[in-house]
Amino acid sequence: MKKHLIKVIVVTGVMFMVPQAYAEVQDSTVPQAYEDMPDGMIPEAPAGGEEVNTNDPTAAAISVSFGWEFYNWHQDEIAPGKTRPQGNDNNFNTRFVIPMAAGTLGSPWPIINRFTFANVEAPGGGTSGSGNAEFISLFVPWTWKTGKIGIGPAINLPADDKQFGADVWRYGLAAVFLENSFEGRLMWGALLRQVWGKTDPNSDSYIASAFVFQPIAVYKLDESWYVSNGESPIAYHWQDKEFLVPLGIRLGKTIPDDKGGIWNAYAEYRTNVVYKDWQGAAASDIIRINVSYTFGN
C-alpha cells in the first residue's frame with residue numbers, strides 16, 4: 001500500500017510540474033492488465049449522449065473509475081513438456097483522468113492525463129501487491145467536427161515484485177484516433193501503446209515490450225444503455241513475432257446525477273481467440289465489473 005501511495009504522489013507530481021508531460025513470464029501478458037477506456041465528455045464532437053461520451057479516451061472532464069477483473073487461464077502445452085504459464089488470479093484497478101485546457105503549461109493543445117494502477121493477486125492466490133502502474137499524457141492537436149487524434153508519452157511504473165508484474169521502468173508513446181458516426185450513436189477508433197525498458201533492473205539491455213493495438217467501438221442503445229467491444233487489446237510480441245488477440249463484449253448503463261456528473265456502470269466478458277503460438281499466459285475467461293464517475297464541468 002505504501003508503494004501505491006508513493007507511485008500516486010510521484011506521477012501526480014509529474015502531471016502538474018513537468019511540461020507535456022508480471023514477472024518476466026508475465027511480461028508477455030501485460031495487455032491483460034490494461035483496463036477499460038477512461039471516462040469523460042467528448043469535446044467538439046456531436047452530441048452522442050453520455051453512453052458514448054463516457055467511454056472516450058480523450059476525456060475532457062475529471063473522472064475516476066474502479067474495476068475488478070477475474071481470470072481463468074489456458075493450461076495447454078506451448079512446447080513439448082512445457083505447460084503455458086498462468087497469469088494473475090484477479091486484480092482491482094483504479095484510474096484517474098485529469099484534463100488540461102489548451103494553454104496550460106504552455107501547450108497549444110488540450111492535454112489529457114490519466115494514471116492507472118492495480119492491486120493484483122499472484123497465481124495460486126494468497127499473495128497480492130502493486131502491479132504495473134501506467135501514466136499516459138495525451139496531447140490532442142488534431143480535431144474535426146466528428147473526431148480527433150491524440151499522441152503523447154507513456155510511462156509504465158515498476159511492480160512491487162516480479163510475481164505481480166515487470167519490476168522495471170518502461171517508457172514509450174501512446175496514440176489515439178476517434179471518430180463519431182451515425183449522428184453520434186457510434187464512437188469507433190483505436191488506442192495504441194508501445195513502451196521500451198530493461199528486462200532486469202541489473203541489466204543494460206533494453207527491449208520493446210509487446211505492441212498494443214486496442215480497437216474501440218461503443219454504440220448507444222435506448223434508455224441510457226450501451227454496448228461495446230470492451231477491453232480487447234491486440235498484442236504483438238516483437239521477439240517471438242506472435243499475436244495475442246482477445247474478443248470481448250461489454251454492456252453498460254450511464255446514470256446522470258443532479259450535480260451534473262455521470263455514473264457509468266458495466267459488466268464485461270472477454271476471451272482470447274488467437275493465442276496458440278503466444279508463449280506467455282493467455283486468459284480463457286475474463287470477467288470485469290466496473291463503476292466510474294465523471295464530474296460535471
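Colleague: How many salt bridges does a search of the whole structure find?
Modeller: The search finds eight salt bridges. Keep in mind that this is a predicted model.

Colleague: Why would side chains pair up like that at all?
Modeller: Side chains of opposite charge can pair when their charged atoms come close.

Colleague: Show me one. Which side chain meets R114 in a salt bridge?
Modeller: That is E134. The N to O distance is 3.4 Å.

Colleague: Are R114 and E134 buried or exposed?
Modeller: Both R114 and E134 are buried.

Colleague: Next one. What does R250 pair with in a salt bridge?
Modeller: R250 pairs with E268, at 2.7 Å from N to O. R250 lies in strand β15 and E268 in strand β16 (residues 262-274), so the pair ties together parts that are 18 residues apart in sequence.

Colleague: And where does β15 run?
Modeller: Strand β15 covers residues 242-256, and R250 is in it.

Colleague: Why does R250 count as buried?
Modeller: Because its relative accessibility is 3%, and buried means under 20%. E268 also has 3% relative accessibility, so E268 counts as buried.

Colleague: Let's zoom out. How many helices and strands does the protein have?
Modeller: There are four helices and 17 strands.

Colleague: And how much of the protein is buried?
Modeller: Buried residues make up 52% of the 297 residues.

Colleague: Which residues make the nonpolar surface patch?
Modeller: F66, W68, F70, F92, I249, Y269, I287 and I289. The patch is about 720 Å².

Colleague: Which strands each supply at least two residues of that patch?
Modeller: β1 (63-73) and β17 (283-294). The largest share, three residues, comes from β1.

Colleague: Pick F70. Why does F70 count as partly exposed?
Modeller: F70 is in strand β1. Its relative accessibility is 41%, so F70 counts as partly exposed. That class lies between the 20% and 50% cut-offs.

Colleague: Now inside. How many residues does the largest nonpolar core have?
Modeller: It has 16 residues. L138 and I216 have the most contacts inside it. Strands β7, β9 (170-181), β10 (186-198) and β12 (211-220) each supply at least two of the core's residues.

Colleague: What does the second core include?
Modeller: This separate core has six residues, among them A235, Y275, W278 and A282.

Colleague: You mentioned β7. Where is P141?
Modeller: P141 is in strand β7, which covers residues 133-144. P141 is partly exposed, with a relative accessible area of 22%.

Colleague: What does P141 contact, leaving aside its neighbours within four places in sequence?
Modeller: W109, I149 and G150. There is also I111, 30 residues from P141 in sequence. The two are 9.1 Å apart in space, C-alpha to C-alpha.

Colleague: What is phi for F182?
Modeller: It is positive, about 55°, although F182 is not a glycine. F182 is in the loop between β9 and β10. F182 is exposed, with a relative accessible area of 59%.

Colleague: And what is phi of S224 near?
Modeller: Near 70°, again a positive value in a residue other than glycine. S224 is in the loop between β12 and β13 (225-228).

Colleague: Is S224 buried or exposed?
Modeller: S224 counts as buried, because its relative accessibility is 19%. The cut-off for buried is under 20%.

Technical notes
Residues are numbered from 1 along each chain as its sequence is written. This is a predicted model: local features need pLDDT of at least 70, side-chain atom pairs count only at pLDDT 80 or more; totals for chains, interfaces and linings use all residues. Side-chain values use heavy atoms; hydrogens and water are left out. Buried means under 20% relative accessible area, exposed over 50%, partly exposed in between (1.4 Å probe, protein chains only). Patches are made of residues with over 30% relative accessible area and no salt bridge: like charges are joined within 9 Å, nonpolar side chains (Val, Leu, Ile, Met, Phe, Trp, Tyr) within 5 Å. Accessible areas come from the Shrake-Rupley method with a 1.4 Å probe; for residues, only the protein chains shown count as cover. A salt bridge is a side-chain nitrogen of Lys or Arg within 4 Å of a carboxyl oxygen of Asp or Glu. Contact means heavy atoms within 4.5 Å. A nonpolar core is a set of buried Ala, Val, Leu, Ile, Met, Phe, Trp, Tyr and Cys residues joined through side-chain atoms within 4.5 Å.
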